[in-house]
Structure formats: structure tokens, C-alpha cells
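My notes follow the structure.

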Amino acid sequence: MKTLCITGARQDILDRTFASLQQVGMAAAKFIERDPKITLQVWHQRVLTGQARHTDGLFRPGRLWEQLATDLFLTNIDAPLWGWVDPNSVALLDFWAEFEPSVQFVLLCETPQQLIAKLLQQSTDLDIDAALAKWQDVHLAMLRFHLRNPARSFLVWASNAEKATPVLIEQINQHWHLALDAS
């Protein structure tokens with residue numbers, strides 16, 4: 001079993017990248033059968049809402065949340081390659097890396113200019129300083145994680161991933177010896 005966590009940039013970019021990976025053979029994560037409301041996205045949301053950061057700045061889910069994560073992984077255990085997409089995964093990269101050695105991480109970055117341009121298209125009422133501070137937190141977390149885990153993470157510009165999806169798929173295949181079929 002191989003598992004991909006796709007995280008980082010804005011949700012729309014993540015969703016398009018995730019859809020491309022599904023088209024070439026990656027299965028989407030299933031929900032827990034006994035409780036269809038518990039998906040990985042719901043899990044992340046609840047963990048991050050209910051947890052305080054520890055002094056090292058990382059989120060550490062409690063035993064209940066670890067058990068639910070185990071249930072989610074057991075539900076997907078028969079899939080040779082499966083994964084999920086969630087920007088909230090950035091806050092829990094270290095948890096997932098420690099939780100399961102088969103998880104690989106596709107970290108999608110965007111420039112601050114791309115973020116601001118997209119936000120200005122969506123709304124004129126925005127706090128640019130807050131948006132840039134959040135961008136910085138997310139990108140620093142991804143960079144730190146990637147530097148500590150280069151064999152398990154793939155750091156890529158989101159714009160490159162979208163423009164050259166077959167190239168991204170081939171790079172992921174080579175990086176982790178997967179059999180995604182880009183043909």
C-alpha cells in the first residue's frame with residue numbers, strides 16, 4: 001500500500017492536481033464505513049479545531065484521533081495506491097510522517113503574487129497582511145518538512161504542476177517508484 005497526501009496551495013489547485021492523479025490510477029480515500037461522516041478532511045478539521053499547538057508549534061492529536069486515523073487507513077488498506085487532498089494537512093505533516101511510513105507527500109507551493117492575484121479576483125475586501133502571514137506559515141512548514149524528509153516529500157510549484165501534469169506524474173513515479181499511468 002502506498003499513500004499520497006497532497007497539500008499546500010489553495011484548495012482549487014489541490015483539487016485539480018488530485019483529480020489528475022486519480023485519472024492515472026490513484027484512488028481517493030474512503031470514509032470510515034461505520035461512520036460515513038468521518039473522512040480525512042473532516043478528521044483534519046476536527047483535530048485542528050479541538051487541539052492546541054504544543055510548545056514546538058506542532059499539532060499532536062490525542063489517542064481518540066489516532067484511533068480514527070487508524071480506522072481511516074484500515075478502510076483503505078486494500079488499495080495499492082490511495083490518497084487525499086487537504087490544505088489542512090500542512091499543520092499535521094509530522095503527525096502523518098510518524099503515523100505511517102508508507103505516506104508520501106506532494107507539497108504544492110504558490111508565489112505570494114499568485115495568492116494575492118487570486119484573492120483580488122475573488123474579493124476586494126481582504127486583509128492582505130493576514131493572507132501573506134498565513135502564506136508564509138504554510139510555506140515555511142512545507143519547506144521545513146521537505147528539508148527534513150526529502151525522500152518522502154516532493155516540493156513543487158503549483159503552477160508547474162498544473163501546466164505540465166504529465167511531467168509531474170512522471171516525476172512522482174520516478175521519485176517513489178509508483179506505477180501511475182500518464183498515457
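I count a contact when heavy atoms lie within 4.5 Å. The model is predicted, so I take local features only at pLDDT of at least 70 and side-chain atom pairs only at pLDDT 80 or more, while totals for chains, interfaces and linings use all residues. I number residues from 1 along each chain as its sequence is written, and side-chain values use heavy atoms, with hydrogens and water left out.

**Loop residue A79**

I looked up A79 first. A79 sits in the loop between α3 and β3. I take helices (H or I, at least four residues) and strands (E, at least two) as DSSP runs, numbered from the N terminus. Is A79 buried or exposed? A79 is buried, at a relative accessible area of 16%. Buried means under 20% relative accessible area, exposed over 50%, and partly exposed in between, with a 1.4 Å probe and protein chains only. Leaving aside neighbours within four places in sequence, I find A79 in contact with M1 and A27. I also checked A79 against T3: they are 76 residues apart in sequence, and their C-alpha atoms are 9.0 Å apart in space.

**Helix α1**

Next I took α1, residues 11–23. Its 13 residues reach 18 Å from first C-alpha to last, close to the expected 18 Å. The expected span is 1.5 Å times one less than the number of residues. I list I13, L14, T17, F18, S20 and L21 as its buried residues. Seen down the axis of α1, they fall within an arc of 160 degrees, so they line one face of the helix. That arc is taken from the directions from the helix axis to the C-beta atoms. Their cover includes β1 (2–8), β4 (103–109) and α8 (165–176). After α1 comes G25, with a positive phi near 125 degrees.

**α1 on α8**

I get a packing angle of about 65 degrees, with the axes 11 Å apart. Axes are lines fitted to C-alpha atoms, for helices over the stretch in contact, and angles run from 0 to 180 degrees between N-to-C directions. The pair is therefore roughly perpendicular. Angles under 35 degrees count as roughly parallel, over 145 as roughly antiparallel, 65 to 115 as roughly perpendicular, and the rest as oblique. In α1, T17, S20 and L21 meet T165, L168, I169 and I172 of α8.

**α2 on α3**

How do I find α2 and α3 packed, and at what angle? The angle is about 170 degrees, with axes 11 Å apart. That makes α2 roughly antiparallel to α3. L40, W43, R46 and V47 of α2 touch W65, L68, A69 and L72 of α3.
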